[in-house]
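Thanks for coming. I will go through one structure this morning, residue by residue in places, and I will give the cut-offs as the terms come up.

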Amino acid sequence: MVNVLNTLLAIALFRAKPQDLPSSNQLLVVTTLLAILTYALTDTLHDQIGLIMATAIAQVVLFGAAIYFALRIKNVVERWPQTITALYGCGAILQLLGWPLSIWLGYTVDPAQRSMSFLLIVALGFWFLAIMTWVLHHALDTPKPISFLISMTCQGVVVIGLLTLLGPDPFNIQG
């Protein structure tokens, strides 16, 4: 397990590729559960555990489906287990790094501190987008600019899917 964690950290630092991970259904299940757990832990939008868990599960399922579809279009669906394991694993690591920031954002009333915690959370989001681009670059054998566009599209699919499934109210959108 230490080797897997080291590989995930290396992927997050752009030093390893998703194919450096073992293709393991057990590892896929573990990283899926970790992704759900860490998304739930960092959810600052909801206050009901059922809605928090529904959002986390929907987010992970939609993300996995979007990545599967991207790999399917490129006819490399056999790469899905390692690709999604890399993305779920790296996502969980970044969510754990962001957890204290989410708590800080939720409890501080000082505008400067709120701004700082929000900016750091956004920076982690951009870091994940870069990781996603890196992973898809290797999984899809596409140039990085194309992988970036695919990453943005997958993220858009997740947001639209969450809004469709859960409606705008869970996201506190004033309309």
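Start with Thr55. Leaving aside its neighbours within four places in sequence, Thr55 is in contact with Asp43, His46, Leu162 and Leu166, where contact means heavy atoms within 4.5 Å. Thr55 sits in helix H3, residues 49-73. Helices here are DSSP runs of H or I with at least four residues, strands are runs of E with at least two, and both are numbered from the N terminus. Thr55 is buried, at a relative accessible area of 5%. Buried means under 20% relative accessible area, exposed means over 50%, and partly exposed is in between, with a 1.4 Å probe and protein chains only.

Before going on, a word on where this comes from. This is a predicted model, in which local features need pLDDT of at least 70 and side-chain atom pairs count only at pLDDT 80 or more, while totals for chains, interfaces and linings use all residues. Residues are numbered from 1 along each chain as its sequence is written, and side-chain values use heavy atoms, with hydrogens and water left out.

Now helix H1, residues 2-12. Which residues of H1 are buried? They are Val4, Thr7, Leu8, Ala10, Ile11 and Ala12. For background, an α-helix has 3.6 residues a turn, so residues three or four places apart point the same way. The buried residues of H1 pack against H2, H4 and helix H5, which covers 111-140.

After H1 comes Phe14, in the loop between H1 and H2. Phe14 is not a glycine, yet its phi is positive, about 65°. Most residues other than glycine have a negative phi. Phe14 counts as partly exposed, at 32% relative accessibility. Asn75 is another residue other than glycine with a positive phi, near 60°. Asn75 is found in the loop between H3 and H4, and at 61% relative accessibility Asn75 counts as exposed.

Apart from neighbours within four places in sequence, Trp127 is in contact with Ala12, Leu13, Phe14, Leu94 and Leu97. The C-alpha atoms of Trp127 and Leu13 are separated by 9.5 Å, and the two residues are 114 residues apart along the chain. Trp127 counts as partly exposed, with 29% relative accessibility.

Next, rings. How many aromatic pairs does the structure hold? The structure holds 4. Rings of Phe, Tyr and Trp (for Trp, its six-membered ring) pair if their centres lie within 6.5 Å; planes under 30 degrees apart count as stacked, over 60 as edge-to-face, and the rest as tilted. Why is the pair of Phe63 and Tyr88 called tilted? The ring centres of Phe63 and Tyr88 are 6.2 Å apart and their planes are at 45°, so the pair is tilted. This pair links distant parts of the chain, with Phe63 in helix H3 and Tyr88 in helix H4, 25 residues apart. Phe63 and Tyr88 are both buried. Tyr68 and Trp80 form an edge-to-face pair, 6.2 Å centre to centre with 75° between the planes. That pair also joins distant parts of the chain: Tyr68 is in helix H3 and Trp80 is in helix H4, 12 residues apart. Tyr68 is partly exposed at 37% relative accessibility, and Trp80 is partly exposed at 22%. Finally, Phe63, Tyr88 and Phe128 form one aromatic cluster.

On to cysteines. A disulfide is a covalent bond between the sulfur atoms of two cysteines. The rule used here is a pair of cysteine sulfur atoms within 2.5 Å. By that rule, the count is 0 disulfides. Cys90 is buried, with a relative accessible area of 0%, and Cys154 is buried at 5%.

Last, Ile103 in helix H4. Ile103 is partly exposed, with a relative accessible area of 40%. The C-alpha atoms of Ile103 and Gly89 are separated by 21 Å, and the two are 14 residues apart along the chain. That is the end of my list; questions, please.
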